[in-house]
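Please keep the sequence and the model at hand while reading.

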Amino acid sequence: MTDKLNELTAAGVAVWLDDLSRVRLSSGGLDQLRREKHVAGVTTNPTIFAKALSDADEYNWQLHDLATRGVEVEESVRMLTTYDVRWACDVMRPSYDGSDGVDGRVSIEVDPRLAHDSDKTVAEAKALWWLVDRPNLYIKIPATEAGLPAITATLAEGISVNVTLIFGLDRYSAVMEAFLAGLEQAKANGHDLSKIGSVASFFVSRVDSEVDKRLEKVGSDQAKALKGKAAVANAQLAYERYTEVFSSDRWKALAAAGAHPQRPLWASTSTKNPDYRDVIYVEELIAPGTVNTMPESVIHAYADHGETRGDTITGSYDSARKVFADLESVGVDMDDVIATLEREGVEKFEASWQELLDGVRKSLEAAAKGKGAPNKAAKGNAKGAEKAGGA
């Protein structure tokens, strides 16, 4: 059989998994995906962690220990999530070493409630970097207005960054500017640029969800004909900006000092509309030097029936601009779409973070009362604890 994921990798797209849980780690499932499905990185977010901790009893032994020590809920969340991320970094280390530090990365997000506070975001990023203590870590920082100076300041400390929640082209340009400035400061601070990595997570399917809703409201045949086109066009134009920035003299000077480019990462790539092909946001966004982070279901779907048709982005820029012009002509305000998506993106992650805090609080209370005592999962996690450096 044709190895479709290998074809995708050969076309220049790094396949990353958009999920993490202790069950996935303790079962060897993540390592299996790395070895058999060409998975070369992992992304996490508050929603993923909230689901992981609510679904499994493999956290009980650590919750019991945290409750016994009287650790507060927010610090307990850090201990639980960084434990998993540290373990995942160790699992992905062969990919990191084999790609000269480009892939094999695992991301952990700063507290989303800090999205509008630059100084606190930087402080949190530094704390997480120290706590996980793995060279293949990425700290996820949202691309809010306050996030931009935080991105620069964090990179200047020699800390690798995954910039998340990018929806619009102008904000993406600002993110790349923040990246270049951060590397320039890191160089001035004496850091080895070859050790600093970064990706820019450009969200895809959520754009179609929001635009399609507005097109449906317009209701004309012309409007309905544009459904399912905005997200890909938006990402294609983002890649055009990427190629312009990373062919500039400013970038070449940093590259000469050992820097790696900040790759565009296509995020939110599961298809929300069942009428669309389930791998559309993979097939239509193939280009060299990109990352596509997918839920496991999309990884398996692409392995089964994905089509790698070479570069599907370069050369599409004029048609993408026409999509934007057509959207404007039927009354879709893309600036408002982008502003709405950014606001809702931060709000959703804040809600998931609160869900995570509430869930851990209840688990700690149960553990303190003896209802969450260590169980058989503790034994299964002994090896993971050793690799992950313990709680």
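## Helix packing

A crossing of two helices is called right-handed if the near helix is turned clockwise from the far one by less than a right angle, and left-handed if it is turned anticlockwise. In this predicted model, helix H10 (residues 205–218) passes helix H17 (residues 334–368) in a right-handed crossing.

On the H10 side, the contact is made by Arg-206, Val-207, Glu-210, Val-211 and Arg-214, which meet a set of H17 residues including Met-334, Asp-336, Val-337, Thr-340 and Phe-349. Sorted by class, this contact of H10 with H17 holds 6 nonpolar, 2 polar and 6 charged residues.

## The largest pocket

The largest pocket has a volume of about 420 Å³, and of the 27 residues that line it, Asp-18, Asn-45, Arg-206, Ser-268 and Pro-295 are the closest to its centre. Among the elements that give two or more residues to this lining are H10, H17 and strand E5 (161–166), while the largest share, 3 residues, comes from H4. By class, the lining of the largest pocket has 6 nonpolar, 12 polar and 9 charged residues.

## The second largest pocket

The second largest pocket holds about 300 Å³ of space, and of its 13 lining residues the closest to the centre are Leu-169, Phe-324, Met-334, Asp-335 and Ile-338. At least two lining residues each come from helix H9 (169–188), helix H12 (230–245), helix H16 (317–329) and H17. The lining of the second largest pocket divides into 5 nonpolar, 2 polar and 6 charged residues.

How values were computed. Residues are numbered from 1 along each chain as its sequence is written. This is a predicted model: local features need pLDDT of at least 70, side-chain atom pairs count only at pLDDT 80 or more; totals for chains, interfaces and linings use all residues. Side-chain values use heavy atoms; hydrogens and water are left out. Helices (H or I, at least four residues) and strands (E, at least two) are DSSP runs, numbered from the N terminus. Contact means heavy atoms within 4.5 Å. Ala, Val, Leu, Ile, Met, Phe, Trp, Tyr, Cys and Pro count as nonpolar, Asp, Glu, Lys and Arg as charged, and the others, Gly among them, as polar. On a 1 Å grid over the protein atoms alone, a cavity is a set of points where a 1.4 Å probe fits but cannot get out, and a pocket is an open set with protein on both sides within 12 Å along at least five of seven lines; lining residues have an atom within 4 Å of a point. Grid points are joined across faces, edges and corners, and a volume is the space filled by probe spheres set on the points.
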